[in-house]
Each structure stands twice: as structure tokens, then as C-alpha cells.
Amino acid sequence: MTPQIETAGLGFVYPDGTRALEGVDLRIGSGELVAIIGQNGSGKSTLVRHFNGLLRATEGTVSVGGMPVARRHVAELARTVGVVFQNPDRQIFAGSVRREVEFGAGNLGYRGADLARRVTDALALVGLGDAVRHNPYDLGFSRRKLLAMASVLAMGTSAVVLDEPTTGQDARGVDRVRAIVRSLVD
Ligand SMILES: Nc1ncnc2c1ncn2[C@@H]1O[C@H](COP(=O)(O)OP(=O)(O)OP(=O)(O)O)[C@@H](O)[C@H]1O
Ligand SMILES: [Mg+2]
């Protein structure tokens, strides 16, 4: 099985000299569900930001679909790996829930009825089907987090990374995240 995401000897040092990753070897295959667990500041977010090229390794390699990300453009990687940020407010920018979810899928070239269906399905999956006209910032934190998730789900990428998806969710929200993950794996 070709690993969907693979790192070998991955190291990363931030520009200010902070070493966040050292010698990370990881293989994630198609259809696999992987949880990355670690203390605050252990480098989880730094690691996953390498999967879609938001960060570029300072040591070692990262491959997606068998191809090194160093040789791929961020725009092209965005088609393959969707990353839902830990902080939704670093992701959300549109004036309405619908436009927010349309943006990423629209960027990938989806249009018309196909785009509308993707947006509707993603919003239904995260339970925001009744909020399409809302301003994202009128939603509470937990629903903004679900909105950020819907934006990535609508893109239909073959890999989806959820960074701390249950932060700020109540029991119902956690159940919802669980159901979303299950449907992705299915
Ligand atoms: N932009 C940055 N510049 C410098 N250092 C950073 C930057 N972002 C993160 N770090 C540092 O890199 C290390 C790893 O941080 P990272 O956010 O990847 O950890 P994490 O496991 O996701 O933490 P958390 O559980 O709090 O989300 C930490 O020491 C952090 O302070
Ligand atoms: Mg983090």
C-alpha cells in the first residue's frame, strides 16, 4: 500500500530558532485513521502543517501520495490534503457561513450545482445547515470550529487533518466530531 502521507527524518526549526520537530518517521496509509497525541507544545500542529505544505521541512522529507511535497505547490497540495486549523479564527474570513464554505471548494474549481451540493452536504454534516446566512462571527467558538471543518470537508480532499477538533466542544459537539470522522473513514 502506498502511504498517503509519509515523513522520514522530519525536523523543523522555526525562524526564531525554536526546534519543534526532530527525526519524525511516520507513515499513514489510505483509509487509515490516526490520532496524534502529545503534550502542549510537543509539535503536533507543526507536524500536520507539513502535510499540506504550509510549513516546509528544515530536515528530512515529507511525501504525499508518494511525491515529495518540496516539489509540489501549495495550491496543488490543497487538492489532496485538507487541514482544519486548531484556531478557526485563523481560517475564517468570509462574511457569511455559505461564502466561507464555498471559498475553498470554489478555489478547487467546483462550480454551480456541484459546488452548491458540496456546501450543503458539508454544512449538514457539521450541523450548521440552518446557519448558511449567518456571519461566522455571530457563531460561538465551537460552531466556528465546525464551520472551519465544513470548509475543508466541502473540498473533498483525500486526506483530512483535524487539529484539536474537539477543543471547545460540549458532549454533543464531541459526538458530532466523532460522527464526522466516522463518515470520513467510511
Ligand atoms: N510560529 C512559531 N514560532 C516559533 N515557535 C513556535 C511557533 N509556533 C509554535 N512554536 C513552538 O514550537 C513548539 C511546538 O508547537 P506546536 O504548536 O506545534 O505544538 P502542539 O503540540 O500543537 O501544542 P498544543 O497542544 O498547544 O496545540 C512549541 O515549543 C511552540 O512554542
Ligand atoms: Mg497544536
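A note on the ground rules. Residues are numbered from 1 along each chain as its sequence is written, while chains are lettered from A and ligands numbered from 1 in the order in which they are written. Because the model is predicted, local features need pLDDT of at least 70 and side-chain atom pairs count only at pLDDT 80 or more, whereas totals for chains, interfaces and linings use all residues; side-chain values use heavy atoms, with hydrogens and water left out.

**Entry 1: the domains**

I looked up the bounds and found domain 1 at 1-73 and domain 2 at 78-186. These bounds come from an automatic or database domain assignment. I noted 23 Å between the C-alpha centres of the two domains. For contact (heavy atoms within 4.5 Å), I read 12 residues of domain 1 against 12 residues of domain 2.

**Entry 2: across the interface**

Which residues make the salt bridge listed between Lys44 and its partner? I found Glu164 paired with Lys44, the closest N and O atoms being 4.0 Å apart. The rule (a side-chain nitrogen of Lys or Arg within 4 Å of a carboxyl oxygen of Asp or Glu) finds one salt bridge across the interface of domain 1 and domain 2. I also looked for polar contacts, and four residue pairs turned up across this interface, both residues at pLDDT 80 or more. A polar contact is a pair of N or O atoms within 3.5 Å; within protein, one must be able to donate a hydrogen and the other to accept it, and residues adjacent in sequence count only if both atoms are side-chain atoms.

On the side of domain 1 that touches domain 2, strand E1 (3-13) and helix H1 (44-48) are the elements giving two or more residues. H1 supplies the largest share, three residues. Helices (H or I, at least four residues) and strands (E, at least two) are DSSP runs, numbered from the N terminus.

I got a count of 10 salt bridges by the rule. I then picked out a few.

Glu59 pairs with Arg19, the closest N and O atoms being 2.7 Å apart. Glu59 lies in strand E3 (residues 59-64) and Arg19 in strand E2 (residues 19-29), so the pair ties together parts that are 40 residues apart in sequence. For accessibility I used buried as under 20% relative accessible area, exposed as over 50% and partly exposed in between (1.4 Å probe, protein chains only). Glu59 is partly exposed at 31%, and Arg19 is partly exposed at 38%.

Next I checked Asp89 and Arg144, whose side chains meet in a salt bridge (2.7 Å, N to O). Asp89 sits in the loop between strand E5 (81-84) and helix H3 (97-107), and Arg144 in helix H5 (residues 141-153), 55 residues apart. Is Arg144 buried or exposed? Arg144 counts as buried, at 12% relative accessibility, while Asp89 is partly exposed at 30%.

Last, I turned to helix H4 (residues 112-126), where Arg118 and Asp114 both lie, four residues apart, about one turn of the helix. Salt bridges that share partners join Asp114, Arg117, Arg118 and Asp121 into one network.
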